[in-house]
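Okay, thanks for coming, everyone.

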Amino acid sequence: MPLAAPAAIESPRLLIRPLAHDDLPALMPVNGDDEVTRFLPYATWRTPADAEAWYQRIQSLQAGGGALQFVLVEKAAARLVGTLLLFRHDENSRRAELGYVLGRAGWGRGLMTEALHALIAHAFGVMDLRRLEAEVQPANVASTRLLERVGFVREGLLRQRWVARGQPYDVIAFGLLRHEYRSP
Ligand SMILES: CC(C)(COP(=O)(O)OP(=O)(O)OC[C@H]1O[C@@H](n2cnc3c(N)ncnc32)[C@H](O)[C@@H]1OP(=O)(O)O)[C@@H](O)C(=O)NCCC(=O)NCCS
């Protein structure tokens, strides 16, 4: 069975809802910032066509049933501040991987910690997953601290696992099991 998209997931400051095509202009300042995309596997958006190409890639991922792309809306300002992805869903093993991106204006305010707790609770609850995974480049300190803060365990270094922008790079593999997760 494919992953079922919730209408929305709420946390105190955020609304986490499925991506819509109309969200693309508001995502331009997020994915159009070199500082934000520094550790991401896709190039910084420069034009609306880059946004559209990303959207089409996400659509094909979702069509396979193994991925859900969300956007993060800061409720107080009704502003779109980032994205959250659940992907590489393996139905038999009841596991999936997390990806997350926050626009620079939102950094350091605990927003992604809050978003991850809300999504993890949903993934281990309603979705009945038993393991979540994430991969992070060692130099991405903000991301490794974020994962450890919400309870992920460092499981090892995957050497030269990926090539992006012509360069091979290592990633740290993180994992979180349902029985070890503690909500805040
Ligand atoms: C990684 C990212 C999502 C963190 O989001 P955030 O909302 O700023 O993180 P939070 O405020 O919830 O903080 C989480 C932890 O990271 C730490 N942190 C946040 N930004 C940091 C930075 N620039 N340097 C070091 N630590 C940082 C926080 O101090 C906190 O750790 P602590 O509890 O030990 O103090 C955000 O920096 C981002 O979107 N980066 C660009 C995209 C990206 O790299 N995505 C991940 C790809 S694997």
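So let's start with this one: does Gln160 count as buried or exposed? Gln160 counts as exposed, because its relative accessibility is 57%. For the cut-offs, buried means under 20% relative accessible area, exposed means over 50%, and partly exposed is in between, with a 1.4 Å probe and protein chains only.

Quick housekeeping. This is a predicted model, where local features need pLDDT of at least 70 and side-chain atom pairs count only at pLDDT 80 or more, while totals for chains, interfaces and linings use all residues. Residues are numbered from 1 along each chain as its sequence is written, and side-chain values use heavy atoms, with hydrogens and water left out.

Back to Gln160. It lies in strand β7, residues 153-164; helices (H or I, at least four residues) and strands (E, at least two) are DSSP runs, numbered from the N terminus. Most residues other than glycine have a negative phi. Arg88 also has a positive phi, near 50 degrees. You'll find Arg88 in strand β4, residues 79-90, and it counts as partly exposed because its relative accessible area is 38%.

One more strand residue: Pro18, in β2, residues 14-18. Pro18 is partly exposed too, at 29% relative accessibility. From Pro18 to Thr37 is 19 residues in sequence and 21 Å in space, C-alpha to C-alpha.

Now the ligand. Which residues come nearest to the ligand? Of the 21 residues around it, those are Leu102, Gly108, Gly110, Thr113 and Arg149, where "around" means a heavy atom within 4 Å. By class, that shell has 12 nonpolar, 5 polar and 4 charged residues. Here Ala, Val, Leu, Ile, Met, Phe, Trp, Tyr, Cys and Pro are nonpolar, Asp, Glu, Lys and Arg are charged, and the others, Gly among them, are polar.

Look at the ligand's oxygen atoms. A backbone N or O atom of Leu102 is 2.8 Å from one, and a backbone N or O atom of Gly108 is 2.7 Å from one. With Arg149, a side-chain N or O atom lies 2.3 Å from a ligand oxygen. Taken alone, the ligand exposes 920 Å², and the protein buries 77% of that (Shrake-Rupley, 1.4 Å probe).

And the elements? β5 (95-102), α4 (111-124), β6 (131-136) and α5 (141-150) each give two or more residues to the shell. α5 gives the most, with 6 residues.

Methods: Polar contact = N/O pair within 3.5 Å; in protein donor to acceptor, adjacent residues only side chain to side chain.
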